[in-house]
Structure formats: C-alpha cells, structure tokens
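Please look through the structure shown here, and then follow a set of questions and answers about charged side chains and aromatic rings.

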Amino acid sequence: MGTLSMEEKLNRLLDQQEIQELMAQYFNFCDAMWNKRRMDPDGVASLFIEDSIWECADTGIYCNGRENIGTLFRDFEKLPFVMHFISNPIIKIKGDVAIGYFNLISPSSDPETGEIITSYGKYDNEFIRTTDGWRIKVIRINLAIRSV
C-alpha cells in the first residue's frame with residue numbers, strides 16, 4: 001500500500017467529516033419531544049438511498065427501503081421522548097463506499113408507561129457516495145443492554 005498524497009488525505013478527511021455530519025443530521029431528525037422538538041420522519045428518510053436498510057435485530061425491527069423507513073419513523077413519533085448520545089466514530093472509506101461505527105447511549109420514554117428506557121450499543125452502518133453526497137445505505141443497531 002503506497003503513501004497517500006496530501007490531496008488524497010484531505011479528500012478522505014472531508015469524506016469522513018461529511019459522513020459524521022450526515023449521522024449528526026440523522027440523530028437530530030430522530031431526537032424529539034423536549035423544547036417543542038418534533039421527530040422528522042421525512043427528514044430521516046431523506047438521508048437514505050432508495051434501497052436502504054434500517055434494522056435493530058435485538059428489538060425485531062427490520063425495514064427495507066427509504067419509503068418504509070419514513071413510515072417506521074412516523075410510527076416512532078408516538079415515543080414521548082428520544083435522545084441520542086453518540087461517541088467514538090470510526091469511519092473507513094474505500095472509494096465511493098464507507099462503513100461507520102458509532103457508540104450509542106439513547107434514553108427514550110415508553111409510550112405506555114412513561115418510564116425512561118436507556119439503550120446502550122453500537123451503530124454499524126454502511127454509506128454510499130451519491131450525486132447528492134454521502135447517503136446511508138444500512139443502519140444496523142446492535143444493542144448491548146437496555147435498562148429501565
């Protein structure tokens with residue numbers, strides 16, 4: 001493997017930054033229900049490619065396609081409260097595809113009881129460069145633990 005040129009290093013850093021900003025926008029669209037914030041299902045869906053996947057096997061949720069992801073998040077709007085705390089991003093880029101790993105802590109409230117449930121785990125994502133910039137191809141949430 002040869003040494004990267006300064007331009008290649010800069011382009012990689014710019015791509016990593018764009019993917020981090022893409023994920024930050026995703027979390028902003030997801031977080032809701034305090035200070036009059038509302039979840040934005042259409043905003044979430046807009047960040048995905050057409051034949052994308054959103055899944056959390058630990059909860060049995062699997063969704064295929066941008067339109068279905070929007071529908072899933074319209075269902076999530078019933079949650080009284082959701083907030084994401086994300087850390088330790090690792091983003092590996094190879095040409096026009098990338099993988100990204102993000103640690104997750106996410107408190108949310110149960111829509112029936114109002115109890116706060118905190119989820120801990122990791123986002124294991126795939127991204128693809130499009131004519132509109134980087135977009136999400138796959139979001140896979142792997143939960144380590146959920147606590148009440």
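Q: How many salt bridges does the structure hold?
A: The model is a predicted one, and salt bridges are counted here as pairs in which a side-chain nitrogen of Lys or Arg lies within 4 Å of a carboxyl oxygen of Asp or Glu. Counted in this way, the number of salt bridges in the structure is 7.

Q: Which residue forms a salt bridge with Arg129 at 3.0 Å, and which parts of the chain does the pair link?
A: The closest N and O atoms of this pair are 3.0 Å apart, and the partner of Arg129 is Asp15. The two residues stand 114 residues apart and link distant parts of the chain, namely strand E5 (residues 116-130), which holds Arg129, and, for Asp15, helix H1 (residues 6-30).

Q: Is Asp15 buried or exposed?
A: A residue counts as buried when its relative accessible area is under 20%. The relative accessible area of Asp15 is 11%, so this residue is buried.

Q: What is the distance between the closest N and O atoms in the salt bridge of Arg140 with Glu55?
A: Arg140 in strand E6 (residues 133-147) and Glu55 in strand E1 (residues 48-56) are 85 residues apart, and their pair links distant parts of the chain. Arg140 counts as partly exposed at 28% relative accessibility, whereas Glu55 counts as buried at 15%. The closest N and O atoms of the two residues are separated by 2.7 Å.

Q: Which helix holds both Phe73 and Phe76?
A: Phe73 and Phe76 form an edge-to-face aromatic pair, with 5.0 Å from centre to centre and 80° between the planes, and both residues are buried. They are 3 residues apart, about one turn of the helix, and the helix in which both lie is H3 (residues 66-76).

Notes. Residues are numbered from 1 along each chain as its sequence is written. This is a predicted model: local features need pLDDT of at least 70, side-chain atom pairs count only at pLDDT 80 or more; totals for chains, interfaces and linings use all residues. Side-chain values use heavy atoms; hydrogens and water are left out. Helices (H or I, at least four residues) and strands (E, at least two) are DSSP runs, numbered from the N terminus. Buried means under 20% relative accessible area, exposed over 50%, partly exposed in between (1.4 Å probe, protein chains only). Rings of Phe, Tyr and Trp (its six-membered ring) pair if their centres lie within 6.5 Å; planes under 30 degrees apart count as stacked, over 60 as edge-to-face and the rest as tilted.
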